[in-house]
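Dear colleague,

Please find below the structure that I am handing over to you, together with its sequence. My notes on what was found in it follow directly after.

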Amino acid sequence: MLHITIGGLKIWETRIPPWLYARIYVSWRRVRREVGVLRGVFERFNARRLVEFGCGIGRHGYLLSRLGFDVLLTDVVDWRFGVARRLPFASYDVLKGGRLGEFEGAYAMGLLIVMDLDGIVRALPNMASNVKRDGVLVFDYNFTTYNEPREVSVRARGRTYKALMRWEDVKPIEGGVYYRYRVEVVDEGGRVVGVEDTGYPVYTKESLFKAIERAGLELVEVIWARWNPERYMYELARREADSAFIVLRNP
Ligand SMILES: C[S@@+](CC[C@H](N)C(=O)[O-])C[C@H]1O[C@@H](n2cnc3c(N)ncnc32)[C@H](O)[C@@H]1O
C-alpha cells in the first residue's frame with residue numbers, strides 16, 4: 001500500500017500491491033519506450049551520472065543502469081519491486097528538497113503529473129539543485145486525462161487479474177482540470193485484491209510552461225509524444241501532441 005501525505009494533504013496514492021501494479025501500469029514495453037527518450041537526451045548532454053526522482057517500482061533506473069548509466073533511485077517512500085531493488089536508493093521528497101549530490105542528469109517519470117502547480121514550482125528547483133551546471137533535468141507530462149480502458153487483463157504469478165475502471169470524474173480547476181477515478185483489481189474469483197481510488201490535477205500546456213518559468217529554470221527542449229491508452233505507453237510524435245518530455249537546465 002502506498003499513501004503519500006504532504007503537509008497534511010493526501011496526494012496520489014495506490015493500494016494495488018507492487019507486483020500487480022508493475023504488471024498493469026509499468027510494463028517493460030512502456031518503460032523501454034521512455035528510457036529510449038531519456039537515453040537520447042542524456043547521451044546528447046554527456047550525462048552519465050543520474051538521479052531519478054519518484055522512481056516508484058524502479059524499472060526506468062534499472063534499464064538505464066543496464067545501458068551503462070550510473071543511477072541513484074529516489075522516492076518519498078521505497079516501494080521498489082524486483083530487480084530495481086539491486087540499485088542504490090535514497091529517500092527524497094521533491095517538495096522538501098535537499099542535496100543528494102552533484103549529478104550530470106536527473107529525471108522524473110510520472111511524478112509531476114501528480115502535483116499541483118505550486119508543488120511543481122517547488123519541486124523543479126529542488127530537483128535541479130542536484131544537477132551540475134549545464135546538466136539537464138527531464139520529466140514527462142500528459143496534458144490530457146489518461147483516458148484509461150474500462151478493463152485491462154494481465155497475467156501475474158500464474159493467475160489472471162483484471163483492472164476495472166469503476167468510476168471517473170473530471171472537474172475544472174484553475175489552469176486545468178482535476179481528474180478522479182477508482183480502479184479495482186479483481187482476481188479470477190472476482191475478489192478485489194487492489195484498489196486505486198485517487199486523483200490528480202491535469203494542467204494545460206500554458207499553465208505548465210508558466211510554472212516552469214515561475215520555477216526559474218531554462219527550457220531546453222520539448223519532445224512531443226502521444227499517450228496511447230490501449231497500450232498504456234507513449235508514442236513519439238513529430239509535432240505538438242497531448243504529452244511531452246520536457247528538458248530543463250539551471251539558468
Ligand atoms: C505515478 S507514480 C510514478 C512512478 C514511476 N516513476 C513510474 O513512472 O512508473 C508517482 C511516484 O511519485 C512518488 N512521489 C509522490 N510524491 C512525491 C514527492 N513529494 N517526492 C518524491 N516522490 C514522490 C510516488 O511515491 C510514486 O512513486
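Helices (H or I, at least four residues) and strands (E, at least two) are DSSP runs, numbered from the N terminus. The model is a predicted one, in which local features need pLDDT of at least 70 and side-chain atom pairs count only at pLDDT 80 or more, while totals for chains, interfaces and linings use all residues. Residues are numbered from 1 along each chain as its sequence is written, and side-chain values use heavy atoms, with hydrogens and water left out.

**Helix 5**

Just after helix 5, Gly216 takes a positive phi of about 80°. The helix itself spans residues 205-215, and its buried residues are Ser207, Leu208, Ala211, Ile212 and Ala215. Here buried means under 20% relative accessible area, exposed means over 50%, and partly exposed lies in between (1.4 Å probe, protein chains only). Seen down the axis of helix 5, the buried residues fall within an arc of 140°, so they line one face of the helix; the arc is that of the directions from the helix axis to the C-beta atoms. Glu206, Lys210, Glu213 and Arg214, on the other side of helix 5, are exposed. The cover over the buried residues of helix 5 includes helix 4 (117-128), strand 7 (131-142), strand 11 (192-203) and strand 14 (243-249), where contact means heavy atoms within 4.5 Å.

**Helix 1**

Helix 1 (residues 18-25) is mostly covered, with 6 of its 8 residues buried. These buried residues are Trp19, Leu20, Tyr21, Ala22, Ile24 and Tyr25. Among the elements that cover the buried residues of helix 1 are helix 2 (28-44), helix 3 (59-66), strand 8 (151-156), strand 9 (159-173), strand 10 (176-186) and strand 11.

**Positive phi outside glycine**

Two further residues deserve a look in the backbone. Asp134 has a positive phi of about 75° although it is not a glycine. Asp134 belongs to strand 7 and is exposed, with a relative accessible area of 51%. Tyr232, also a residue other than glycine, has a positive phi near 50°. Tyr232 sits in the loop between strand 12 (218-228) and strand 13 (233-236), and at 16% relative accessibility it counts as buried.

**The ligand**

The ligand is surrounded by 22 residues, of which the closest are Arg30, Gly54, Asp75, Asp93 and Met109; a residue is near a molecule if one of its heavy atoms lies within 4 Å of it. Several polar contacts (pairs of N or O atoms within 3.5 Å; within protein, one must be able to donate a hydrogen and the other to accept it, and residues adjacent in sequence count only if both atoms are side-chain atoms) are found here. A polar backbone atom of Met109 is 2.7 Å from a nitrogen atom of the ligand. A polar side-chain atom of Asp93 lies 2.8 Å from a ligand nitrogen atom, and a backbone N or O atom of Gly56 lies 3.4 Å from a ligand oxygen atom. The protein covers 97% of the 590 Å² of accessible area that the ligand has on its own. Accessible areas come from the Shrake-Rupley method with a 1.4 Å probe; for residues, only the protein chains shown count as cover.

Gly54 lies in the loop between strand 3 (49-52) and helix 3. At 22% relative accessibility, Gly54 counts as partly exposed. Leaving aside residues up to four places away in sequence, Gly54 touches Thr74, Asp75, Met109 and Leu111.

**Glu221**

Glu221 is part of strand 12 and is partly exposed, with a relative accessible area of 22%. Its contacts, not counting residues up to four places away in sequence, are with Arg44, Phe45, Phe245, Ile246 and Val247. The side chains of Glu221 and Arg44 make a polar contact at 2.8 Å.

**Domains**

The domain assignment of the chain gives domain 1 (5-144 + 204-249) and domain 2 (151-200); such bounds come from an automatic or database domain assignment. The C-alpha centres of domain 1 and domain 2 lie 22 Å apart. Across the boundary, 17 residues of domain 1 are in contact with 19 residues of domain 2.

With kind regards
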